[in-house]
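Me: Could you walk me through the strands and the surface charge of this one? I'd like to take it piece by piece.

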Amino acid sequence: MSAAPDTAEQHILVSREGAVQTIRFNRPNKKNAITRAMYAALAGALADGEADDAVRCHVILGQPGAFTSGNDLADFLAFATTGEMGTEVLDLLRLLPKLEKPVVSGVDGLAIGIGTTLHLHCDVTFATPRSVFKTPFVDLALVAEAGSSMLVPAIMGHQRAFALLAMCEDFSGQDAADAGLIWKVVAEDKLESAVMEAAKALAAKPPKALALTKRLMKGDTKALEARIAEEAELFAAQLKSDEARQAFIAFMARKK
Ligand code: COA
């Protein structure tokens, strides 16, 4: 992978093809770890797409080998140390259940933390066989986020959800499809064409009927929004715990 640029605009690329808006994580030298500025850019692009009649479908992609390695652990450590968190993550998490337009995502490789839970708020996700969905929250002394403590058991049942959220097991692309977390597994060289084909097909459908159908399927999101808030409170408290600080320091120091 080539050296990555250093600003949020370059770490989150936004492009438009017809009525499809694509948001791409682009911080390959950090495996697309997501900083606060990147959360803000991602939420901003999604909100812009929702507000723009010319956009009929969102697409979210990463890089070959890394969708994202999740929240930037240096940001977590900074919060654990200074208590300075910002609202960027929570702003995105609050927005996700409110998206009315369809969201298509494509995963190749690492899909860690929010790299897994983000797809709970997508409508169609493709992943390659070598993808690794993993939520190491408990191993980092944190708790499930993005509504995953409610959505994951509902999708795959308690035991598989426990393996993902509490045992922090890896789920391959096929495991994720078998568990109902994603729609389809596709070969690496077909990933982006499959994503774009689905997105363009959705963008060509009658937008109001599609949005109403999505809303009916999602139902009342109040309980989900309340769960996201409850998780966020516990997450923030755990971030400040000694056990979490030790986990972040261990990650930072692992190569030294
Ligand atoms: N936050 C900050 N930096 C991260 C990161 C993260 N979540 N994930 C990877 N990076 C950085 C590494 O520090 C490294 O930077 P460096 O080259 O400056 O040292 C670079 O990205 C490459 O990562 P590396 O660990 O060398 O690659 P790998 O292929 O050996 O391992 C992972 C990849 C994703 C398995 C490993 O980096 C990892 O476990 N990351 C943390 C994942 C995580 O816990 N995320 C939070 C979820 S809530």
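**Strands and a charged patch**

Reply: Strand β7 and strand β10 (residues 184-185) run parallel and are joined by 2 bridges, where strands are DSSP runs of E of at least two residues, helices are runs of H or I of at least four residues, both numbered from the N terminus, and two strands pair if DSSP finds at least two bridges between them. This is a predicted model, in which local features need pLDDT of at least 70 and side-chain atom pairs count only at pLDDT 80 or more, while totals for chains, interfaces and linings use all residues. Residues are numbered from 1 along each chain as its sequence is written, and side-chain values use heavy atoms, with hydrogens and water left out.

Me: Which residue in β10 is the bridge partner of alanine 127?

Reply: That is valine 185, and alanine 127 in β7 also has valine 107 standing opposite. Strand β5 (residues 103-107) pairs with β7 in the parallel sense over 4 bridges.

Me: And the side chains of β7, buried or exposed?

Reply: In strand β7 (residues 124-127), Val124 and Phe126 point one way and Thr125 and Ala127 the other, and all are buried, meaning under 20% relative accessible area, with exposed being over 50% and partly exposed in between (1.4 Å probe, protein chains only). In a regular strand the side chains alternate between the two faces of the sheet.

Me: What order do the strands of the 6-strand sheet take?

Reply: The open sheet runs β1-β2-β3-β5-β7-β10, with mixed pairing. Because β1 and β10 stand at the edges with a single partner strand each, one side of each is left without a neighbour in the sheet.

Me: How do β1 and β2 pair?

Reply: Strand β1 (residues 12-17) and strand β2 (residues 20-25) run antiparallel, joined by 6 bridges; glutamate 17 has valine 20 as its bridge partner in β2, and arginine 16 has glutamine 21. Their hairpin has 2 residues between the strands, and glycine 18 there takes a positive phi near 60°.

Me: Switching to the surface, which residues gather in the patch of positive charge?

Reply: Lys30, Lys31, Arg254 and Lys255 do. Such a patch is made of residues with over 30% relative accessible area and no salt bridge, like charges being joined within 9 Å, and a salt bridge is a side-chain nitrogen of Lys or Arg within 4 Å of a carboxyl oxygen of Asp or Glu.

Me: Where does lysine 255 lie?

Reply: Lysine 255 is in the segment after α12 (242-253), and it counts as exposed because its relative accessibility is 72%.

Notes:
Patch = residues over 30% accessible without salt bridge, like charges linked within 9 Å, V, L, I, M, F, W, Y side chains within 5 Å. Areas by Shrake-Rupley, 256 points an atom, 1.4 Å probe, with all protein chains shown as cover. Lys, Arg positive; Asp, Glu negative; His and termini not counted. Charge placed at Lys NZ, Arg CZ, Asp CG, Glu CD.
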